[in-house]
Amino acid sequence: MKKRNQKKKNTQNNFAKLSVFQNQKYKFKKKCPLSGKGAPMIDYKNVKLLRRYVSENGKILPSRITSVSQKKQRELSLSIKRARNLALI
Amino acid sequence: MNFYEHTIIARQDTPASQVKVLQEKYSKIIEDNEGKILKFESWGLLHLSYLIKKNKKGNYIHFKIEGNGKTIKELERNEKLDKNLLRYLTVKVKKLDLKTDYFKKTEGMDSK
């Protein structure tokens, strides 16, 4: 029983990442993984990278979950759409 | 002059020799219309993530072109008419990345 309860809690925390009452442990990362030095280039040919920012159903994940910056999210969505057109994703 | 990346997908049942014919045909169109091919990549037969005209796989051909609007217009006009092709995509870029080839590694892994 206990294990089951824990699992439920975890899934809830994934959705309620912005809650004020959240546990300190589950605070979301602030840094954008795609900007800064040494970050990978966003490109429609780089399917491996794009797969990370797409849900299982092929939807684009919102930036509040992936903590991608606003500028990079725009680039990302454009290149995901290009990759979709070529049936890469 | 602008830089473009151009990708076309051919039908799954086109043999390798036919793919080469396609490549030569479109390189000729590019060069006839003031264009210049800087790099050519053949990504090979890849799985499509969804069906296009009842095709599960597609032959991907990729060009990196230096040219102007006329070149692309003529190229896309010809591709619209071609029944051997499933899709085409042209992307205008400021700078061409000639080094990285994202599909070379995956090809090697498939053959292993």
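A: Let's start with the buried residues of α4(A): they are Q73(A), L76(A), S79(A), I80(A) and A83(A). Here a residue is buried if 20 or more other C-beta atoms lie within 10 Å of its own, exposed if 12 or fewer, and partly exposed in between, with C-beta atoms placed from the backbone. Helices (H or I, at least four residues) and strands (E, at least two) are DSSP runs, numbered from the N terminus. An α-helix has 3.6 residues a turn, so residues three or four places apart point the same way. On the other side of α4(A), you will find Q70(A), K71(A) and K81(A) exposed.

A word on the source: this is a predicted model, in which local features need pLDDT of at least 70 and side-chain atom pairs count only at pLDDT 80 or more, while totals for chains, interfaces and linings use all residues. Residues are numbered from 1 along each chain as its sequence is written, and chains are lettered from A and ligands numbered from 1 in the order in which they are written.

The helix takes in residues 70–85 of chain A, and its 16 residues should span 22 Å at 1.5 Å a residue; the end C-alpha atoms are 23 Å apart, which agrees. That expected span is 1.5 Å times one less than the number of residues. After α4(A) comes A87(A), with a positive phi near 60°.

What lies over the buried side? The cover includes α2 (47–51) and α3 (63–66) of chain A. Setting aside neighbours within four places in sequence, A83(A) is in contact with Y44(A), V47(A), L50(A), L88(A) and I89(A), where contact means C-beta atoms, placed from the backbone, within 7 Å.

A83(A) also belongs to the largest nonpolar core, which has 21 residues; A83(A), I9(B) and A10(B) touch the most other members. Such a core is a set of buried Ala, Val, Leu, Ile, Met, Phe, Trp, Tyr and Cys residues joined through C-beta atoms within 7 Å. At least two residues of this core come from each of α4 of chain A and β1 (2–10), β2 (36–52), β3 (55–67) and β4 (85–93) of chain B. Apart from it lies another core, of 6 residues, including Y4(B), Y26(B), I30(B) and I65(B).

Terms used:
Two residues are in contact if their C-beta atoms, placed from the backbone, lie within 7 Å.
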